[in-house]
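Biologist: I would like to learn how to read the features of a model step by step, with the general idea before each case. Could we go through one together?

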Amino acid sequence: MPLVSLLAIPPAERNKLRRDLLAWFAARKRNLPWRRTKDPYRIWLSEIMLQQTRVAAAIPYYMRFTAKFPAVKALARARTQTVLGLWAGLGYYSRAKNLQRAAREIVALHGGEFPREYEQALALPGVGRYTAAAVLSIAYEQPLAVLDGNVARVLARLGAVRGDLRAPVRWRSMEAAAQDLLARQAPGDWNQAMMELGATVCTPKSPSCQECPISRWCQARKLGIAAALPETRKKRETVKVTLAAAVLLDPRGQTLLLRQADGDGDLFSHMWQFPAVETSEAAASELSRHLHSKFAGMAGGVLQPLKTVRHAVTFRNIHIQPFLIAVEKLPRLTGTRAVLLRGLGKLPISNLTRKIAVTALAHLSTLPENAALDRPV
Ligand code: SF4
């Protein structure tokens, strides 16, 4: 459905709407660290962090990241493991890897400055239409409207748009409507104002229409259907994934981690993790087979099952059965690393790996001090 009712707002009224929203934003905007700068690098970083991450959770990561890498050049020359270490816990690690790849391209191709051309920005790894428009409008005041979930919701309610907003045709008409409504004299503030309204007032479940600076133009409010829009789309079905993971432990308290290769998805991507295998029923024997095929000749003691760990990543519901396995000597293989189980926090590890380590340490803390683990003879 075209956004007829939205576009039907007469030009003079649209100007009034723009003024009212911008005035509201100037008075009510949240004081966020990335709003105190016009540095395109910092704005870009914040936009990448805020994808899939709440504002409150992103702030400490943003502060640590910008303290360590105050400019694109510092990020470009850093070791990838250091970048991932600072990202650890935020999830979706491909974001961090793309961020650094893009930083290196910016240094190599654009003299260390985030490009001003939309097409050049779009060509950077991890930068899509939304991010390119956000950075260029906020940092460089380019007249490009953003469309993300928050803005789409506000527009859908303003125009009483029904149906799945993410359907390609409808999304394109939303992009056109967003661009049409853009306050061209202040595109950066306008985009942030639309996102702020969606995040704080025009919220998904119960919009606070009485506090809304643009309520008089809102069709959904007039029709009494604000909370019912946007109409929900079909959710992707959750897939259950069952893994068995090995927490090998040598007499010095060291465990073995290995690094997931590129292209193995975002579950652990490029982070250090415990050896693990997807299993069906017999987790212990499948894990044992997996370890023996991966580490030929490995001698390990009994597999002691630990508490099951649960973890959710997008549509995947992951159940992990960790096993503690005492070994005399950790196997050595390219791409593996022996680290103290108690010292894992210093490495770039995913939340999933962290949960397994915490479970193993909790189990060990219940054992009497000199309890012998069942090691191979
Ligand atoms: Fe959203 Fe209500 Fe404002 Fe309409 S009036 S834009 S539904 S907060």
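Biologist: Are W34 and Y62 buried or exposed?

Modeller: Buried means under 20% relative accessible area, exposed over 50% and partly exposed in between, with a 1.4 Å probe and protein chains only; by that reading, both W34 and Y62 are buried. Before we go further, note that this is a predicted model, in which local features need pLDDT of at least 70 and side-chain atom pairs count only at pLDDT 80 or more, while totals for chains, interfaces and linings use all residues. Residues are numbered from 1 along each chain as its sequence is written, and side-chain values use heavy atoms, with hydrogens and water left out.

Biologist: How many aromatic pairs does the structure hold?

Modeller: Rings of Phe, Tyr and Trp (its six-membered ring) pair if their centres lie within 6.5 Å, and planes under 30 degrees apart count as stacked, over 60 as edge-to-face and the rest as tilted. The structure holds 5 such pairs; one of them is W34 with Y62, which is edge-to-face at 5.2 Å centre to centre, with 75° between the planes. This pair links distant parts of the chain, since W34 is in the loop between α2 (11-28) and α3 (40-50) whereas Y62 is in helix α4 (residues 55-68), 28 residues apart. Helices (H or I, at least four residues) and strands (E, at least two) are DSSP runs, numbered from the N terminus.

Biologist: What kind of pair do W44 and F114 form?

Modeller: The pair of W44 and F114 is tilted, with 5.4 Å centre to centre and 55° between the planes. W44 lies in helix α3 and F114 in the loop between α7 (94-110) and α8 (118-122), so the pair ties together parts that are 70 residues apart in sequence. Both W44 and F114 are buried, and together with Y41 they form one aromatic cluster.

Biologist: Which strand pairs with β1 in the parallel sense?

Modeller: Two strands pair if DSSP finds at least two bridges between them. Strand β7 (residues 316-326) pairs with β1 in the parallel sense over 11 bridges, and T242 has H319 in β7 as its bridge partner. Strand β4 (residues 276-278) runs antiparallel to β1 and is joined to it by 3 bridges, with V277 in β4 as the bridge partner of A244. Strand β1 (residues 239-249) is mostly covered, as 8 of its 11 residues are buried.

Biologist: Which residues are joined by a cis peptide bond?

Modeller: Most residues other than glycine have a negative phi, and most peptide bonds are trans. Here a cis peptide bond joins L229 and P230, with omega about -10°, and P230 has its place in the loop between α13 and β1.

Biologist: Where is Q52, and is its phi positive or negative?

Modeller: Q52, in the loop between α3 and α4, has a positive phi near 70° in a residue other than glycine, and it is exposed, with a relative accessible area of 59%. E141, found in the loop between α9 (129-140) and α10 (149-158), also has a positive phi, near 55°, but at 36% relative accessibility E141 counts as partly exposed.

Biologist: What share of the residues in the protein chain is buried?

Modeller: Buried residues make up 52% of the 377 residues in the protein chain, which has 15 helices and 8 strands and whose C-alpha trace spans about 85 × 50 × 35 Å along its principal axes.
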